[in-house]
Amino acid sequence: MPKILANGTTLHYLRSGRGPDLVMLHGFLGNQAVWHLQIVPQLRSRFAVTTYDLRGHGYSEVTPSGYTARDLAEDLRGLLDALDIEATPLIGHSYGADVCLYFSLLYPERVTRLVAIEPGLAALVHQRRDRDWNGWTYWVQKLESVGVSVPPDKSSDLDFLIKLSLETPKFYGPARGLPRNRGPLLHLIEKTTLISDYEYVGDLTLDAVETIETPTLLIYGEHSHFLGSYYFLKDALPNVKPVILPGGEHFGPLEQPDQLVHEVLAFLDSAGPEGAGTGAEEGFNRARSAPARSR
Amino acid sequence: MTPTREEVFAYIHGTLQTLMEDWDDAEGVVLLPQTMLFTELGLESLGAVVLGTSIQERFGVEMPFGQLYAELGEQQRDISLNEFVDFAYSHLAGATWRVAGSPHET
């Protein structure tokens, strides 16, 4: 397995395809397989696609700490340095999108374009602490759909719901329906700072978001429970093309891979062969004009 | 020159053995041609992706592993090492192959 030392941590990565670089980051408690099941096969004829497992995830090294979006952005910098990638388009999903935003804030010259799929944004975590946040309802319903009941007093208990979710069969991929390998994920949750680090805001404040000039394609599912972040980001990012995937939820890379690839290719193609457009193309919010599919 | 089936088997067997070295729960597991990769061996999505990518890079041929894995997941069925080798080998030889039991089976 290809592994590389980045920011002092050993990361497991995969590279496939030919063309200009494209780097993809998965989400919280996931791994890079999320990209490979449906999406990389559609991109590898156009791009040299690099995916990797975030620190602590997949086959990458598990460290006791170092899981803030800033830490993981520094891991990304280390990975790009080690692979000799000077600047590249980035695609991130969920927490991976948060890391991409943080990276774009720290190292704007190294991101030609950004596709941010369902970023939560730590600075908006207060929205998700509310017991009435629709994400809790979604989560409980998802668990109950596979026969797992949630006591009412635990229906907004993050730690409880994460651990209960690990007891459900896999929802996606070739091993769908089989039990999860809970050990590594439990270790990550219980023995590292991942959970608390997720809420680290650092320099990526709500005000700082407005300084990220990177041309950004912002994608959320129509029924995503992170739409609160969408409404903020689509107005705050100065150079953004917001897109809502009709019928979609939070896990677009797994639920709607074809629509996602369609949007990504249209966005990257509009930047020219090197993916380094200015974002002045049709559909961007620079002039605060509403794109056709935004809401 | 197209590799022989034995060469493809040896490569996939060796790659899986290497993958298993990183698994906590693979000690004592014996990998045989009839071993079912997901239910018996404990292969997961990430390992399957690594395996598929490695095979394509090694033999320089693009293969529809994404489609194979999607079919396995949709049908919630498993695949043996032998069947997996047949899948890879058939694409190296230019043949088509589908998951047994698939509506698309040829």
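Reader: What is the bridge partner of A:Tyr13 in β4(A)?

Author: The bridge partner of A:Tyr13 is A:Tyr52. This is a predicted model, in which local features need pLDDT of at least 70, side-chain atom pairs count only at pLDDT 80 or more, and totals for chains, interfaces and linings use all residues. Residues are numbered from 1 along each chain as its sequence is written, while chains are lettered from A and ligands numbered from 1 in the order in which they are written.

Reader: What makes β2 and β4 of chain A a pair?

Author: Two strands pair if DSSP finds at least two bridges between them, strands (E, at least two residues) and helices (H or I, at least four) being DSSP runs numbered from the N terminus. Strand β2 (residues 9-16) and strand β4 (residues 48-52) of chain A have four bridges, in the antiparallel sense, and therefore they meet the definition.

Reader: Why do β1 and β8 of chain A stand at the edges?

Author: The open sheet of eight strands in chain A has the order β1-β2-β4-β3-β5-β6-β7-β8, with mixed pairing. β1 (3-6) and β8 (240-245) of chain A each have a single partner strand, so one side of each is left without a neighbour in the sheet.

Reader: Which strands does helix α3 of chain A touch?

Author: Helix α3 (residues 69-82) of chain A packs on the sheet and touches β1, β2, β4 and β5 (88-93) of chain A, where contact asks that C-beta atoms, placed from the backbone, lie within 7 Å.

Reader: How many residues does each chain give to the contact?

Author: Chain A gives 21 residues and chain B gives 17 residues. On the side of chain B that touches chain A, α2(B) provides the largest share, six residues.

Technical notes: Two residues are in contact if their C-beta atoms, placed from the backbone, lie within 7 Å. Axes are lines fitted to C-alpha atoms, for helices over the stretch in contact, and angles run from 0 to 180 degrees between N-to-C directions.
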